[in-house]
Amino acid sequence: MRYNKTHYDTVTDAWTYMLGDNLHYGYFDPPELDLKDATDKLIDSLASMASIDADTSVLDVGCGIGSPAFYLHRRFGCRVTGITTSVRGVEIAREKSEAYGISESVRFRVADAMDNGFPDDTFDIAWVMESSHLMRDKGRLFAESYRVLKNHGCILLCDLILIEEFGIEEIFKYRTELAILEKSFGKAKMETLEFYERKLSEQGFQDVEVVDISAKVTRTLAEWKKNTVSNKDRILRFLDEEAIDDFLRACDILSAFFHDRVLGYGQAKGVKRL
Ligand SMILES: C[S@@+](CC[C@H](N)C(=O)[O-])C[C@H]1O[C@@H](n2cnc3c(N)ncnc32)[C@H](O)[C@@H]1O
């Protein structure tokens with residue numbers, strides 16, 4: 001299958017200077033953690049919802065440049081297969097995996113989460129870290145994840161969430177802010193935690209759990225802004241001034257949305273049990 005250049009192909013190199021190698025929010029607990037430790041802590045927090053060991057095989061759905069996959073492998077010894085629609089993401093992730101000498105255990109390929117190409121009953125964990133908001137059809141994401149999970153396997157997910165569902169009124173009210181967010185972060189479809197809970201159950205997942213961790217992640221946005229300002233010269237090799245300004249504004253918008261409880265951040269788990 002040929003993949004067109006995605007939003008992530010355009011931003012990935014710049015984002016490593018803005019967000020760091022983990023392309024996700026940080027879990028600031030304790031609050032004084034730096035961004036690197038906080039983003040690792042988000043991985044710990046999600047991983048703690050399941051049991052992972054050296055016999056576990058993980059499908060990392062929307063794997064960025066592979067950092068969560070490397071972290072999981074280092075911490076638990078598990079095998080990880082990362083997929084993303086970004087060719088650039090896979091290129092960077094593979095280079096790193098080779099350089100670390102773990103390319104037998106931590107592999108990457110370009111694939112779409114909606115139709116990932118793996119056989120049924122292959123993985124113990126479907127790890128969906130901050131990628132589901134980029135997929136409009138969550139039902140299809142969950143069906144495809146369910147299909148490739150073994151019996152007793154589980155889906156672990158974390159992402160931005162809506163606190164309350166958006167109606168036409170909210171879409172109109174926030175149209176300017178949403179357009180700026182889309183320019184910086186790509187086309188997104190956020191949902192409430194209740195939506196995630198319902199959709200996972202409808203798909204057949206059992207023991208579904210959801211948790212709102214908004215308060216722990218909010219500081220991330222100030223950290224991304226700080227990085228962007230201090231690394232601006234390096235970022236300009238990949239993004240122009242306008243894109244950098246948009247990103248800074250997007251961080252302010254997200255901070256305000258978190259503050260006003262328009263948006264938040266959640267984690268979810270479901271188990272496949274036949
Ligand atoms: C915010 S990044 C998160 C990356 C990584 N999980 C991390 O935490 O560092 C979102 C990722 O989802 C990927 N993605 C978006 N849509 C996808 C899809 N339909 N199938 C697979 N990956 C997708 C993007 O290419 C990107 O790698």
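**Group meeting: a helix pair in a predicted model**

Okay, so let's start with overall size: a compact globule of 274 residues would have a radius of gyration (taken over C-alpha atoms) near 19 Å, and this protein agrees, with 18 Å. The rule behind that is 2.2 Å times the number of residues to the power 0.38.

Quick word on the source: this is a predicted model, where local features need pLDDT of at least 70, side-chain atom pairs count only at pLDDT 80 or more, and totals for chains, interfaces and linings use all residues. Residues are numbered from 1 along each chain as its sequence is written, and side-chain values use heavy atoms, with hydrogens and water left out.

The protein has twelve helices and seven strands; these are DSSP runs, H or I of at least four residues for helices and E of at least two for strands, numbered from the N terminus. Of the 274 residues, 53% are buried, meaning under 20% relative accessible area with a 1.4 Å probe, protein chains only.

Now, my helix pair. How do α7 and α12 pack? Helix α7, residues 175-185, meets helix α12, residues 241-259, at about 125°, with the axes 8 Å apart. Axes are lines fitted to C-alpha atoms over the stretch in contact, and angles run from 0 to 180 degrees between N-to-C directions.

Who touches whom? In α7 we've got Leu-181 and Phe-185 among others, and the α12 side includes Phe-247 and Ile-253; contact means heavy atoms within 4.5 Å.

Methods. Buried < 20%, exposed > 50% of the residue type's maximum accessible area, 1.4 Å probe, protein only.
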